Structures are given as C-alpha cells and as structure tokens.
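Subject: Structure handover, with notes on what was found

Hello,

Here is the structure we talked about passing on to you. Please open it beside this message, so that you can look up each residue as you read.

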Amino acid sequence: MGESLKGLWQQRRAAFRKEVLPYLQDMIRSGFPGFLLLLIILGMIGYGTLLRDFPADFPYVVVGTIVLTPLVCYSPLRTWLHPADVAFLMPREHEMGTCLGASWRHNLLPGFIGLGIMFALFLPLYERAASNPHHWALLVAFAAIVKGLNAAASWRERQIAWPGARRTVRLLRWILTFFLLAVLLSVALWKTALFGLLLVFLMLFVLRLPIRHSFPWERLIAEEERTRRRYYRFFGSFADIPTLPAKVARRPYLSWIAGRLQYAHNHTYKYLFILTLLRTELGGMLVRLTLLGMLVIYLTVRSTLLEGWGAAAVAILFLAIIRVQASALRQSHRHSVWRNIYPLPDYQHNQSMTQVVATTTLVCGLMLWLPLLLLLAQGLIWPPLIIIGLSLIYILFRLPRQFLKKLAKEQDD
Amino acid sequence: MEPVLRVDGLTGGYSPRRPVLHDIHFDIKPGEMVGLIGLNGAGKSTTIKHILGLMKPLKGEIRIRGTTLEQDPQRYRSSFAYVPESPVLFDEMTVQEHLRLTGMAYDVDADRFEQRSEQLLEEFHMIPKRTAFSGHLSKGMKQKVMIMNALLPEPPLYIIDEPFLGLDPLGIRSLLERLVEVKNSGAAILMSSHILATVEMYCDRFLVLHRGKMVAQGNLEQVREQSGDRTASLEEAFYRLVTGGDGDGRVT
C-alpha cells in the first residue's frame, strides 16, 4: 500500500516536471540565464574587490547572521498534494509517512547544498574578520544541525491548527535561529551549544502548547498551491501560461493608492488593474525586487565599482526585471467575462493596463535611482545622468507603445 | 409598449453545423418578470450568452432598447445587468471595491453610488463583510455580492441566471423583494431558475425551453393550455411539456 502512495508521489513529481519543461525552455530562450550569469559575474567582481580591500571593521557577525538565517530557517515541503486528496487520500493518512519522507529528501538536499554554497562564500570573510575563528568544519556541522532542527520544527508548526499560533511560532523560530547564529559567530562553540540546547528546549515546550493535526492536509495543500503559483508566476514572465488563482494580500500600505483614484467611468479598468497589481503576488514581488535593487545599487555605489558604471549597470538590470515583472499584469483577467459585459469601449482595457504598467515601472525606477544619485556626491556625474535619462526616455516613450502592441498581438492570437 | 428585450428568430450554438438553439422568439416589456425554464442542457445558458453578446447568433437578431450589440455596443451593454449562475468576482477586491468598480463601469453618479451602495450593503446584511475579500466569502455571500452589483446601476433589464443557488433563506427573500421592487419601478427581468414554485409565484410570464426549442411561452394560463392540462401547476405543466406526459416526447 505504502509503495503505491510512493508511486503516486513519484508520478506527480514527474508530471509537474513534464508540465513545466516547455516553460523552462521558454525561460532559457528569453535570455534570462544570461542575465543571471551577468548578475553573478557582477557579484563576483564585487566579492573579489571586497576580499582584496578587506575592511578591518567588517561586520561579519551581522552579515553572516543575515545571510545564513534564511537558508537555515526556510524549510519548504513539496508534497504534490491536490485539493481532491482530502477525499481520496485521507482514508490512507496512516500511510502518508512514506510520501513525507520522500518530500523531505526532495527539499532538504537542495537546502543543504544552498547552505553549503553560502558557507563557501561567507567563510573567507569570516576567517579574515574574526579574531578567533572556529574551525570551518565545526561551523558548517553546527549550522547543518540547526537547519535539521528547523526542518523538524517547521513540520510541528504545520501541524498547529490555529493559523495565528502557527505564524507566531514560526516567527519565534526565525528570531531564535537568528540569535543562535549570531552567538555561533561571536562566542566559543561550547557556549553556543549550551545556548542552542536551551533554545531547543524552549521550542519543544512552545510546540507542545497549541492544538495540532496529526496530518495537516489543508496546510500542505495550501502550501503546494502556493508553490505552484510561484512557479507559474515566474514562468509567466517569459511565456503565456494558464494562470492559477492568484494569492491575495491586503497590503494597506500600498492599496490606498487605488482608493485615491478618482471615481470616474473612464477609470474603471485602471481601478481594477491597480488593485490587481498591488494585491496579488505581482505587487509583493515588485516591492521585494525594488528594495533588493536599492540595496544592491547602494552597495555597488559604495564600492564605486567601475567608476560608477557598475552601479549604473545594476540599476538597468533591476529596472529590466521590474519591467518584465510588471508586464506580467497582462496575464490577469485575460478571460474575464466582465470585459464583454461592462459598458466600456474595448480600447480602454489595453490603454488602462499600459498606463498602469508604465507608471509602476516609473515609480520603481525612481526608487532605484535614489541610491544611484549618491554617485553625484562622489563626483561621478555621467553614469547616473546617462542611465536615468535613457531609462526615462524608454519608460515614457518606448515602453507604452511596445506594450500596447504586444497586447494587441496577443489579443489577435 | 416597446419591449426592452426582443429576441427574433435566434438560432445559435457553439458550431454552425450543430446549433443548440433553434428559431427562438420572445420579448420582454418594461415592468415584466419573465422566467426562463428548462431541463439541464435545454439551452437556457446558451440563450443568455447570446443576449449578453458572449456568443454570436447564427441566424436571427437580439435587440435591447431597440439596438443590437453591433449598432451601439455602449447603449446595448449599459442597458442590462447580469448575474451569472456561478459568482464571478475578483479575488483581490473587497465587497465594497466591487461595488465601486461596478459604479464606475456603469457610470453611476458619485452621490447616487454612495447612497445606493450603503443601502444595498444594509439590505443584504453585508455591512460586516464590506471590507472582506471576495475570495474569503462563502458561496452564498458571493452570490449576494453579484446581485448587489447588478442592482447598483438600476438598468432597464436584469438578466439573472439561477439566482437562488447557494443563497440562504434571508438572501432569497431579500432578492425576491428587491426584484419585485425593480419590476414595479419599470425594469424588465429575465430569470432562469429550476425552482419552479418560486418562478410560478413571482414571474408574470414563462419561457419553456426544451432541446433548444421554445416549447411554450406566455402567462400561467397560456402555458397550462399549451401543456394540455388547464388545471396544472407550473411544475406539472412543465413536466408534461418536456416529457410529453409519457416520459421523453416533445410537446408542441
């Protein structure tokens, strides 16, 4: 019996891989890997510069804790479960252990590899900056154990019945791991081990408190759907794919913008698209990308990489990704019946969408250019001025025409 | 009186070789509530899709307020509100935002919109849910939101497909009361439903579709007469019409 469930698990994994393969090919054809490679090369140049001119006061504890915490804490679990499994697989809940084991192996292996890569990058910095560094093998082994414990705790979290309690416990786990890693990088190993033991007991105690499901079906199904949605949202930037229902977040810090739009007949589609952009994963992704871009540009500005042209190139790269992401708005409501029902001229649909996409790209661009302008203070005038000027011309003149044309073409197809 | 909706010789379907609807004729006048009834697959939803303009007729013509969709799409579309069988809402929008979107789309005056939306939220007991995302509502509540959005612009024609699905008794009562009100104010209503007792009680006329053909139409008396039983209830008359009284035959 267990074997057939394992077979089903493997079948579903293979089916998903087969399903995304064509989109993966589209992504490769789009030139995205080249862009990624460019980012890696730029990153390596920055990393090399940092190692060469290593600052004496490098904040290795803060940097190490920030980069290692997500890799140690993040414990995704792909179970390939479908909503219908509540009806069909639930009677076999006692056999689901085999599938879970396979799911953990599927996720933990890449997780440990990612952690290893991060350590490979961080250790040279750590060994240069720390006055009395631990042996690298001990450090890696300790982090691997903490990652394993995090994965176990994440399973207990998933079992918690109340969403509020589950989120609180997860937040607590991330905070405690953050402090444990900070301690690991700054004090003797035996002290860290004692502290870690204390935290493990604390977590064990906390995890005992809330009511739990023996097998969190709904949680795992929701998680699986979210993961699939992420894949599709990502591939949707490169190809036309059937979209899964979008996950929605309230985001009051952004959605007030839609409320400020004037109540008018010709603003109908704009109102809809602004809310869609701000409340779906697209909005979250754009916020994260802009913030990350600002940080990377700021760091590149500080290192005056290639006389300011490094920062300018990073600004262009981030703007290009933001433009691609914002354009994914065209996947939304493509087949909505209301487009044929609302008493609105058809051209308003595409025009409003273009305006929303161009304005979004412009706003994100303005945010990216803030750290870029710091180059002016260093006397580097041309890189920021040329890049901002060219980007503005593109966003204001070329992008709207290009996007409208693309929409019209997709409509004809 | 000039009809709000006139369907003239409508033949249509998903393929020219296999039409689903055959030569359908009917009209609806202002202040009339008309029930569209038929078995599953009789062609009710296809008829509605043709009226909405989601499907093109193979033959025949559909006019709303005297115009076809091709002649004046704006006037045609602004003349009706539609409630689909399954609620079709935007997951990322709250109940209140849906009303605002509808108000904008149908060009409802801003002051009127404020007043109407508050009134509808209250009547449908949705004030506590005004800021809830549509995706987080129960099916019945979603249907209420659809109905509220249809009622907001006060169009001359309402096209309502299976409105009672998922509604609780309070919701059904609010809807029927509101439909009677809009009817009394001069609007026309085309309502498709399987709940024949309710349709019989509230509708002025009935359209009985069977296998894509109009097998009977008119008021209760006329439908009874066409079914061959002058004392039958709508349900009994309907049963006779679609089974021929002996199972599956067609009654003309």
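A salt bridge is a side-chain nitrogen of Lys or Arg that lies within 4 Å of a carboxyl oxygen of Asp or Glu. Please keep in mind from the start that this is a predicted model. When the whole structure is searched with that rule, 26 salt bridges are found over all chains.

One salt bridge to look up in chain A joins A:Arg12 to A:Asp85, where the closest N and O atoms are 2.7 Å apart. The two partners are 73 residues apart, since A:Arg12 belongs to helix α1 (residues 2-29) of chain A and A:Asp85 to helix α4 (residues 85-88) of chain A, and the pair thus links distant parts of the chain. Both A:Arg12 and A:Asp85 are buried.

Another salt bridge in this chain is formed by the side chains of A:Arg229 and A:Glu281, at 3.3 Å from N to O. Because A:Arg229 lies in helix α9 (residues 217-236) of chain A while A:Glu281 lies in helix α12 (residues 281-302) of chain A, this pair ties together parts that are 52 residues apart in sequence. Here, too, A:Arg229 and A:Glu281 are buried.

Helix α1 of chain A also holds A:Trp9. Is A:Trp9 buried or exposed? Its relative accessible area is 5%, and because buried means under 20%, A:Trp9 counts as buried.

Let us now turn to chain B. According to the UniProt record, which is an unreviewed entry, residues 5-236 of this chain carry the feature "domain: ABC transporter". In the model, that span is 37% helix and 23% strand, and its end C-alpha atoms lie 28 Å apart.

The side chains of B:Arg63 and B:Glu61 meet in one of them, at 2.9 Å from N to O. B:Arg63 is partly exposed, with a relative accessible area of 24%, and B:Glu61 is likewise partly exposed, at 32% relative accessibility. Elsewhere, salt bridges link B:Arg6, B:Asp27, B:Lys29, B:Glu32 and B:Arg205 in a network.

Which residues gather in a patch of negative charge on the surface? They are B:Asp107, B:Asp109, B:Asp111 and B:Glu114. B:Asp107 sits in the loop between α3 (95-105) and α4 (110-123) of chain B, and with 51% relative accessibility B:Asp107 counts as exposed. B:Asp111, in turn, is placed in helix α4 of chain B, and at 60% relative accessibility B:Asp111 also counts as exposed. The C-alpha atoms of B:Asp111 and B:Leu234, which are 123 residues apart along the chain, are separated by 43 Å.

Helix α1 (residues 44-52) of chain B is mostly covered, with seven of its nine residues buried. Among the buried residues of α1(B) are B:Lys44, B:His50 and B:Leu52. B:Gly53, which follows α1(B), has a positive phi, near 95°.

That brings me to the backbone angles. Most residues other than glycine have a negative phi. A:His333 is not a glycine, and yet its phi is positive, at about 55°. A:His333 lies in the loop between α13 (309-327) and α14 (338-341) of chain A, and at 18% relative accessibility A:His333 counts as buried. In chain B, B:Glu162 has a positive phi of about 45° although B:Glu162 is not a glycine either. B:Glu162 is located in the loop between β6 (157-161) and α6 (169-184) of chain B, where it is buried, with a relative accessible area of 7%.

Best wishes

Note on methods:
Residues numbered from 1 in each chain as written. Chains lettered and ligands numbered in written order. Predicted model: local features only at pLDDT ≥ 70, side-chain atom pairs only at ≥ 80, totals over all residues. Heavy atoms only, no water. Patch = residues over 30% accessible without salt bridge, like charges linked within 9 Å, V, L, I, M, F, W, Y side chains within 5 Å. Areas by Shrake-Rupley, 256 points an atom, 1.4 Å probe, with all protein chains shown as cover. Lys, Arg positive; Asp, Glu negative; His and termini not counted. Charge placed at Lys NZ, Arg CZ, Asp CG, Glu CD. Helix = DSSP H or I, 4+ residues; strand = E, 2+ residues; numbered from the N terminus. Buried < 20%, exposed > 50% of the residue type's maximum accessible area, 1.4 Å probe, protein only. UniProt positions renumbered as here; feature names shortened; annotations may be inferred.
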